[in-house]
Amino acid sequence: MTQYQTYAAPLGRFFLALIFIIAGVQKITGYAGTQGYMEMMGVPGSLLPLVILTELGGGIALLLGWQTRIVAFLLAGFTLLSGILFHYLPSLGMEGMEAQAQSISFMKNISIAGGMLMIVALGAGRYALDNRGTAAKVPAE
């Protein structure tokens, strides 16, 4: 394993996890507003606890490298679904800069899902709970 591979995977996991952890915390601190926004977009506000659990729990699991491939797969699906519901579909009725902003946000979600699928394909890399006690999972440098 090269020096780049040793540090790139955990750093990549950190950056991807940070998106979900911060989003989950923001939903907790702005619970009523988030619930109202979800309902305005046609998504039942009663799903907010599940959304928070997915973002916060999934983000922490990804950060720690625990069940990384499964978590990354689930977060990829969650990210695509939320991108469609909250960015793509609303953009269909918009024009100009508003539509462009929603399109950029949708593409951000697609990019995040792509990063998650890379983790599914390549695994957690170094410094992950998935690797504890198993030297065979992480080749020697």
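The crossing of helices α4 and α5 is left-handed, meaning that the near helix is turned anticlockwise from the far one by less than a right angle. This is a predicted model, in which local features need pLDDT of at least 70, side-chain atom pairs count only at pLDDT 80 or more, and totals for chains, interfaces and linings use all residues. Residues are numbered from 1 along each chain as its sequence is written, and side-chain values use heavy atoms, without hydrogens and water.

**Helix pair**
- The axes of α4 (residues 68-91) and α5 (residues 96-122) come within 8 Å and cross at roughly 165°.
- The two helices are therefore roughly antiparallel (angle over 145 degrees).
- The contact of α4 with α5 involves 19 nonpolar, nine polar and two charged residues.

**Annotated segments**
- The unreviewed UniProt entry annotates residues 6-25, 46-64, 70-89 and 110-129 as "transmembrane region"; such annotations may be inferred rather than shown by experiment.
- Residues 70-89 are 100% helix and 0% strand, with end C-alpha atoms 27 Å apart.
- Residues 110-129 are 65% helix and 0% strand, and their end C-alpha atoms are 27 Å apart.
- Helices (H or I, at least four residues) and strands (E, at least two) are DSSP runs, numbered from the N terminus.

**Ile 119**
- Ile 119 lies in helix α5.
- With a relative accessible area of 8%, Ile 119 is buried (under 20%, 1.4 Å probe, protein chains only).
- Beyond its neighbours within four places in sequence, Ile 119 is in contact (heavy atoms within 4.5 Å) with Arg 13, Leu 16, Leu 62, Thr 68, Arg 69 and Ala 72.
- Ala 76 is 43 residues from Ile 119 in sequence and 10.0 Å away in space, C-alpha to C-alpha.

Note on methods: Axes fitted to C-alpha atoms, helices over the stretch in contact; angles between N-to-C directions. Parallel < 35°, antiparallel > 145°, perpendicular 65-115°, else oblique. Nonpolar A, V, L, I, M, F, W, Y, C, P; charged D, E, K, R; others polar. Buried < 20%, exposed > 50% of the residue type's maximum accessible area, 1.4 Å probe, protein only.
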